[in-house]
Amino acid sequence: MEPVRISLIGAGRAGMVHARNIVQRIAKARMVSVCDVNAEAARAAAAELGCTQIHTDYRAAVADPQIDAVIIVSPTFRSEEHTSELQSPCNLVCRLLLEKK
């Protein structure tokens, strides 16, 4: 079985807690990209997690055909935007793990 390829949306403290747990504890999962509006935060997180891709727009992260699942750990004021758009049946292209709600 191929590993589940995951993108992290939100490279802040909580996002990194989830991402580190996945990288360290789930053998059949692989973090492949990090998305954050702060490009430097995305670069730093990607370097720590061993990801080769970074994004500053979550739409680009979920449009990547290499992504099987997305973890959304964005601030509360942004999570509504992310989850409502991505949960729409016409936009759901991968599995979602929502840190809120």
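First, the ground rules. The model is predicted, so local features need pLDDT of at least 70 and side-chain atom pairs count only at pLDDT 80 or more, while totals for chains, interfaces and linings use all residues. Residues are numbered from 1 along each chain as its sequence is written, and side-chain values use heavy atoms, with hydrogens and water left out.

Now the fold. The protein chain has four helices and five strands. Those are DSSP runs, numbered from the N terminus: helices are H or I with at least four residues, strands are E with at least two. Along the sequence, the pattern reads β-α-β-α-β-α-β-α-β.

How do S1 and S4 pair? They run in the parallel sense, over four bridges. To count as a pair, two strands need at least two bridges found by DSSP.

Next, burial. Of 101 residues, 40% count as buried. Buried means under 20% relative accessible area, exposed over 50%, and partly exposed in between, with a 1.4 Å probe and protein chains only. Look at S4: Ala69 and Ile71 point one way, Val70 and Ile72 the other, and all are buried.

On to the cores. A nonpolar core is a set of buried Ala, Val, Leu, Ile, Met, Phe, Trp, Tyr and Cys residues joined through side-chain atoms within 4.5 Å. The largest one has 17 residues. Ile6, Leu8, Met31, Val34 and Leu49 have the most contacts inside it. S1, H1, S2, H2 and S4 each supply at least two of its residues. H2 gives the largest share, four residues. There is also a second, separate core of nine residues, including Cys35, Ala61, Val62 and Ile72.

Let me zoom in on Val34. Contact here means heavy atoms within 4.5 Å. Beyond its neighbours within four places in sequence, Val34 is in contact with Leu8, Leu49, Cys51 and His55, among others.

His55 sits in strand S3, residues 53–55. Is His55 buried or exposed? Its relative accessible area is 15%, so His55 is buried. Leaving out residues up to four places away in sequence, what it touches includes Ser33, Cys35, Asp36 and Ala60.

Last, the cysteines. Cys35 is buried at a relative accessible area of 3%, and Cys51 is buried at 10%.
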